[in-house]
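Here is my note on the model you sent.

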Amino acid sequence: MARDGAMMQFRTDSRLRAAFTEATQRERTTPSDALRHLMQQYVRDSLRREAARQCHVVSGASDAAESLALIEDVQDLDDDLRQ
């Protein structure tokens, strides 16, 4: 997945932020890398849930193209995230 340098800002509790910063230091990573990893995992999990939902929907339908496309999206995302 290409990094285009886009910024994202959000508010969080100061105690959570401090604990998160300490955790990233323990893991020898940066907060940005940790958040990027969490976001990638969230997207991957969301696509898998949607693919599973579509499989249930399609199991009674004659056209599985949408479900197959979602499954391919999950596989493509996994490939992109491993690069």
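With which side chain does the side chain of Arg-44 make a polar contact?

1. **Arg-44.** The partner is the side chain of Gln-41, at 2.6 Å. A polar contact here is a pair of N or O atoms within 3.5 Å; within protein, one must be able to donate a hydrogen and the other to accept it, and residues adjacent in sequence count only if both atoms are side-chain atoms. Arg-44 sits in helix α2, residues 31–58. Arg-44 counts as buried because its relative accessible area is 13% (buried is under 20%, exposed over 50%, partly exposed in between, with a 1.4 Å probe and protein chains only).

2. **Basis.** This is a predicted model, in which local features need pLDDT of at least 70, side-chain atom pairs count only at pLDDT 80 or more, and totals for chains, interfaces and linings use all residues. Residues are numbered from 1 along each chain as its sequence is written, and side-chain values use heavy atoms, with hydrogens and water left out.

3. **Confidence.** The mean pLDDT of the chain is 81 (pLDDT is the predictor's confidence in each residue, from 0 to 100). A value of 70 or more is reached by 70% of the residues. Among the elements, α1 has the highest mean, 97. Helix α3, residues 65–82, has the lowest, 69.

4. **Fold.** The chain has three helices and zero strands. Helices (H or I, at least four residues) and strands (E, at least two) are DSSP runs, numbered from the N terminus. Of the 83 residues, 14% count as buried. Take contacts between residues at least 6 apart in sequence: 47% of them join residues at least 24 apart. Contact means heavy atoms within 4.5 Å.

5. **Gln-54.** This residue also belongs to helix α2. Gln-54 is classed as buried because its relative accessible area is 6%. Its C-alpha atom is 8.9 Å from that of Leu-68, 14 residues away along the chain.

6. **Surface.** The chain exposes about 7100 Å², and carbon and sulfur atoms supply 52% of that. Areas come from the Shrake-Rupley method with a 1.4 Å probe; for residues, only the protein chains shown count as cover.

7. **Phe-10.** Look in the segment before α1 (14–26) for Phe-10. Phe-10 is exposed, since its relative accessible area is 53%.
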